[in-house]
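Here is a short briefing to read alongside the model.

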Amino acid sequence: MRLLERVDAWLFAAEDARRLAAMRIGLCLLLALRLATTDYAHVAQQQASLFRPAPLSYMRLFTHMPSHEVAIALQAVAIVATLLAAAGLVFRLALSLAIACSLLLNGILDSTGRVIVGDALLTLCLLVLLASGTGFAPTTNCWVTPCAGTVCVGCASAP
Amino acid sequence: MSTHAAAPRYARPFAAAFLGAVAVCGFGSFNAWPFSNWELFSRLRTDAQTSWQAAAVGARPDAPVPHGYRELTSVMRGFAKLTPAEQNAICVRWTREAGARAVLVYRFDWLLSVRQGQRAAPPHRSLAWTCTAKGAHAAP
């Protein structure tokens with residue numbers, strides 16, 4: 001019981017809002033960089049017979065790769081959404097959109113017969129960031145004019 | 001301010017589900033991306049190795065590398081199990097995109113245990129498939 005309490009206290013410890021904002025900005029900019037420098041459209045137009053989603057992949061919902069144009073559009077939307085999230089603007093919507101697009105784009109790469117671990121860790125970190133709610137508008141304020149003291153899981157509950 | 005009181009209501013269920021998924025996929029070898037099984041170099045490898053190479057015959061020198069050539073090895077690993085229609089579709093596409101008369105797909109087999117000095121002995125090369133604009137033809 002004592003161990004569980006210690007684990008709980010470690011997982012949900014108070015954190016400085018500026019450090020959380022720095023984490024948000026860093027992770028989002030890293031995702032934006034990955035999205036901007038990866039060529040998804042190259043494999044997007046592969047024919048249906050070469051579409052090989054992994055056994056446990058959400059890409060099994062589709063029967064073939066998206067078109068070149070769809071891949072480019074997803075990439076553009078994802079980059080803009082990620083930059084908005086990095087700035088803390090409409091954070092939840094922006095990061096949700098960025099992660100959704102990123103999942104689809106990485107799913108395209110993973111459906112060529114080999115699952116690429118590549119961005120998995122970054123995506124997991126972003127899921128935690130999204131769930132922690134560290135990007136509410138108050139967090140942006142924290143970034144610009146830091147809140148006093150420390151708060152738990154972002155500035156949303158800060159006084 | 002109590003840290004426990006400040007955590008969102010869904011934080012603990014989310015953390016439990018998230019860590020559970022990471023642990024189950026990692027230890028159970030389930031590759032449900034982005035919950036990876038982190039299988040980078042942990043696969044059992046024997047000394048029998050296989051590789052594939054494709055050669056375009058009569059291709060334009062400036063022809064772009066066809067999109068279908070990506071991950072040739074993973075495509076060829078299951079190529080023989082595809083339906084003839086799927087094999088033909090892939091082959092026709094490769095041939096056309098390479099601007100070639102034919103695309104020859106070679107299989108390379110070698111044993112790491114057979115050494116020539118510090119290196120493995122040269123692989124045995126065999127023609128496995130011939131792709132033309134008409135379709136796929138298995139080598140005899």
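In this predicted model, the axes of α4(A) and α5(A) lie 8 Å apart and pack at an angle of about 145°. The crossing of these two helices is left-handed.

**Packing of α4(A) and α5(A)**
- On the α4(A) side, the contact is made by residues including A:Ala71, A:Leu74, A:Ala78, A:Ala81 and A:Ala85.
- From α5(A), the residues taking part include A:Phe91, A:Leu95, A:Ala98, A:Cys101 and A:Ile108.
- By class, this contact has 16 nonpolar and three polar residues, with no charged residues.

**Nonpolar cores**
- The largest nonpolar core has 27 residues, and A:Tyr40, A:Ala85, A:Leu95, A:Ala98 and A:Ile108 have the most contacts inside it.
- Two or more residues come from each of α2 (17-37), α3 (41-44), α4 (68-87), α5 (91-110) and α6 (120-132) of chain A.
- With nine residues, α5(A) gives the most to this core.
- Beyond its neighbours within four places in sequence, A:Ala98 touches A:Leu31, A:Ala78, A:Ala81, A:Thr82 and A:Ala85.
- There is also a second, separate core of 16 residues, with B:Ala54, B:Ile90, B:Val105 and B:Ala136 among them.

**Where the chains meet**
- Chain A brings 31 residues to the contact and chain B brings 28 residues.
- On the side of chain A that touches chain B, α3, α5 and α6 of chain A each give two or more residues.
- The largest share of that side, five residues, belongs to α6(A).

Notes. Residues are numbered from 1 along each chain as its sequence is written. Chains are lettered from A and ligands numbered from 1 in the order in which they are written. This is a predicted model: local features need pLDDT of at least 70, side-chain atom pairs count only at pLDDT 80 or more; totals for chains, interfaces and linings use all residues. A nonpolar core is a set of buried Ala, Val, Leu, Ile, Met, Phe, Trp, Tyr and Cys residues joined through C-beta atoms within 7 Å. A residue is buried if 20 or more other C-beta atoms lie within 10 Å of its own, exposed if 12 or fewer, and partly exposed in between; C-beta atoms are placed from the backbone. Helices (H or I, at least four residues) and strands (E, at least two) are DSSP runs, numbered from the N terminus. Two residues are in contact if their C-beta atoms, placed from the backbone, lie within 7 Å. Axes are lines fitted to C-alpha atoms, for helices over the stretch in contact, and angles run from 0 to 180 degrees between N-to-C directions. A crossing is left-handed if the near helix is turned anticlockwise from the far one by less than a right angle, and right-handed if clockwise. Ala, Val, Leu, Ile, Met, Phe, Trp, Tyr, Cys and Pro count as nonpolar, Asp, Glu, Lys and Arg as charged, and the others, Gly among them, as polar.
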